[in-house]
2 protein chains.
Amino acid sequence: MSNQISFQSAIKSRNLRMTNQRRQVLRVLEESDEHLDAEAIYDLVRKQNPRISLATVYRTLALFKELGLVNEHKLGEDHSHFETAQEEPHYHFTCLSCRKIIEFSAPEIEETLLPRIAKQGLEINEVHLIISGYCADCQANLIEGKKQCSSPRPIHNQN
Amino acid sequence: MSNQISFQSAIKSRNLRMTNQRRQVLRVLEESDEHLDAEAIYDLVRKQNPRISLATVYRTLALFKELGLVNEHKLGEDHSHFETAQEEPHYHFTCLSCRKIIEFSAPEIEETLLPRIAKQGLEINEVHLIISGYCADCQANLIEGKKQCSSPRPIHNQN
DNA sequence: TTGATAATGCGAATTATTATCAATAAGAAA
DNA sequence: TTTCTTATTGATAATAATTCGCATTATCAA
């Protein structure tokens, strides 16, 4: 993939070294279309390399982020999720009950909002839009009361 | 303010009690138009009540959030910022250099994006849009090199 | 004024992440 | 290949933000 290529060139340009750990973390990220957190990446890499350290996973993710290979997302939980950098800009919906993450696009942001912001003299580096709520499945389940919202804080605000 | 009113009624409805600490935290939040973090709120309240505990500040903020009096924002740093709930929806720009927070509105979100999301069967609870980058002042300063970007991670990505 | 219990203060515990540092390994040069 | 420099790792301690546990205090209804 192009990620491998940019990884190689980034390695060359700076005085970085290509290690098994870095290859493994990158592979796990590329083979998953999920939004993994550090712990999940750690667990997946350990299947191939049981000796890897969690610290190395964090360091590698930080490096990949700096190289632009990986994006970090804070989706309302107390830890980060990671995904390989995508071409198309996109944003995230997270279900407060099952924690499912749904991506969506929002061309109005790139087409009208960001230009408006830039016109105000602000230099834009990152854009994060997070919508949280309940996915269709969990709405149904919560109504029937079948599957009680076991997951974090049922903030249903029914005052 | 209307916050006081809704606070009173919320207190009545549940079996909550009106304490000095709660009044003090609410007052600090209302008297500031900044986006304070827990520590800043703690420091401000302590001027009036040096005996308050940081845990109480956190508990009070959690309660206010549940009551809808206060909104919590994760703006890319490792801690949260808080503001009293506003009528008008708005979003946040944070300067990566000076950490200034600039609010902006984005009617395209409420008018076209959110309805589109809702149409997909998703129930929306919260919407957070955070744009990070460099404010006009810091762009100037960084170019002149006068005021080196002392603040967190100069991610300028000039590859 | 009293009594039930919500709320507080304090400190310990937790969680995610980062820093330290001796040991290891990548990869350029010999 | 072997050697040498030093980037990287693993293990663990440290940090930062936040939450928990619990004895004590304070609110407010009776």
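Predicted model: local features only at pLDDT ≥ 70, side-chain atom pairs only at ≥ 80, totals over all residues.
Me: What makes B:Glu108 and A:Arg116 a salt bridge?
Reply: The closest N and O atoms of B:Glu108 and A:Arg116 are 2.8 Å apart. The cut-off between a side-chain nitrogen of Arg and a carboxyl oxygen of Glu is 4 Å, so the pair counts. Across the interface of the two chains, the rule finds two salt bridges.

Me: Why are strand 6 of chain A and strand 6 of chain B said to pair?
Reply: Pairing takes at least two bridges, and these strands have eleven, running in the antiparallel sense. So the two strands qualify as a pair. One spot to look at is A:Val127, which sits opposite B:Ile131.

Me: How do you know how much surface chain B and chain A bury between them?
Reply: You take the accessible area that the two lose on being put together, summed over both. That comes to about 3,000 Å², with 54% of it on carbon and sulfur atoms. On chain B's part, B:Glu108, B:Leu122 and B:Glu123 supply 18% of the area buried against chain A, more than any other three residues.

Me: What makes a residue of chain B count as in contact with chain A?
Reply: Its heavy atoms have to come within 4.5 Å of the other chain's. By that test, 39 residues of chain B touch 39 residues of chain A.

Notes:
Residues numbered from 1 in each chain as written. Chains lettered and ligands numbered in written order. Heavy atoms only, no water. Buried area = accessible area lost by both parts, 1.4 Å probe. Helix = DSSP H or I, 4+ residues; strand = E, 2+ residues; numbered from the N terminus.
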